[in-house]
Amino acid sequence: MDGMRSAGCGVRPRSRVRMAGVAMTIACALIVAACGSEDSTPDVPTVTPASAVAAPPAGAPPAGTVVTAAQGKAIAATSGRFYVLSDDGTTVLRFDRTGITGPGTPGARITTPALTSLIATADGSLIGAGPDVVVRIGADNKVSPTTQTGVTDPTVVARTADGRVLVGTVSGSVVVFGKDLSRERTISGFVRVDGLTVSPAGVGFDNEQVVVLDRAQSSVTPINIDDGSKGAALRAGNGATTSTVDSYGRVLVANTRDGEILGFFGKPIVNRFRYPVSGSPYAVAWDQKRHLLWVSATAVNQLIGFDLADGEPAERHRVATVVQPDSLAVDDSTGALYVLSARGGGVQIIDPTTTLPSSGTP
């Protein structure tokens, strides 16, 4: 546990939650063998990939502001703006937070190649990935020339501090592109790649830690994007779905099927906590301004804020959301939190000034 304390996490020797020890972690490790082919499937134990639990009709009014005109399948936020990727992936809607006057406020339309995922970067631009393409969208709404990637089945995209772009695939590979989007290497051997987290600078690691979430194995696996090697995979319950990383480099995972959130940390990475969450946890996002982990509970249309300062989750807020809150985004520059409905409910905006009710959960 010393490594966690040195990272500023303040883990106490005896936790109230189910702390996973090193011996248990090693017992759960799934040693993933490298495959000879980029598209080959490893011979490893698998589970049926979990997904978000269907939400009931909307109940309590959502907290904050709702923009019903913001419809789509993915959301990203940066520099006082949020962006929504259309269901067909060919349009990105841009909304300036200060320009929101009502639920029907239209967004500026940015036409793109067909995209499946979208992320925001600290410089105010966006990176989108789709079949055989990666594009950059500038703060001026201009789309960079399309880069042909040869990746036909992208699932997620991530960016490193030095500007490299990582693309995960349905077929179980992570493709590493240089800052100029030239293809550097392919790291295969997963069943599928559903999440990619990159540790922030200054967390005490020798270099950035990149961790892959594989829903089919319900596992997390560190990878070295410089030499293509992989660490031991750790089991993340029986139905892990989404992941994020906090200020200390902890990888935080929603285990939807088992109704819990999990925390992983260290080199080698180990399971630090497992904490039960009611309402079927799904989307996760780290809020740098409030220092909270936000988790959407789709079965009850709620958003839950957890304080991790003590090394274990402590519920602080539980608020009503738009229906089917499957996607979250946080604008690190402003602290605004965005919740995207997967059932036509639009985007819910929770500004730092929004008064949030304290949770009644001890």
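Guide: Searching the whole structure turns up four aromatic pairs, where rings of Phe, Tyr and Trp (its six-membered ring) pair if their centres lie within 6.5 Å, and planes under 30 degrees apart count as stacked, over 60 as edge-to-face and the rest as tilted. Please keep in mind that this is a predicted model, in which local features need pLDDT of at least 70, side-chain atom pairs count only at pLDDT 80 or more, and totals for chains, interfaces and linings use all residues. Residues are numbered from 1 along each chain as its sequence is written, and side-chain values use heavy atoms, leaving out hydrogens and water.

Let's start with Phe82 and Phe95: their ring centres are 4.8 Å apart and their planes at 5°, so this pair is stacked. Phe82 belongs to strand β4 (residues 81–85) and Phe95 to strand β5 (residues 91–96), so the pair ties together parts 13 residues apart in sequence; strands here are DSSP runs (E, at least two residues), numbered from the N terminus. Both Phe82 and Phe95 are buried, meaning under 20% relative accessible area with a 1.4 Å probe, protein chains only. Together with Tyr338, Phe82 and Phe95 form one aromatic cluster.

Now to Phe205 and Phe265, a tilted pair with 5.6 Å centre to centre and 35° between the planes. Phe205 sits in the loop between β15 (195–198) and β16 (210–214), while Phe265 is in strand β21 (residues 260–265), so this pair ties together parts 60 residues apart in sequence. Both Phe205 and Phe265 are buried.

Technical notes. Helix = DSSP H or I, 4+ residues; strand = E, 2+ residues; numbered from the N terminus. Buried < 20%, exposed > 50% of the residue type's maximum accessible area, 1.4 Å probe, protein only.
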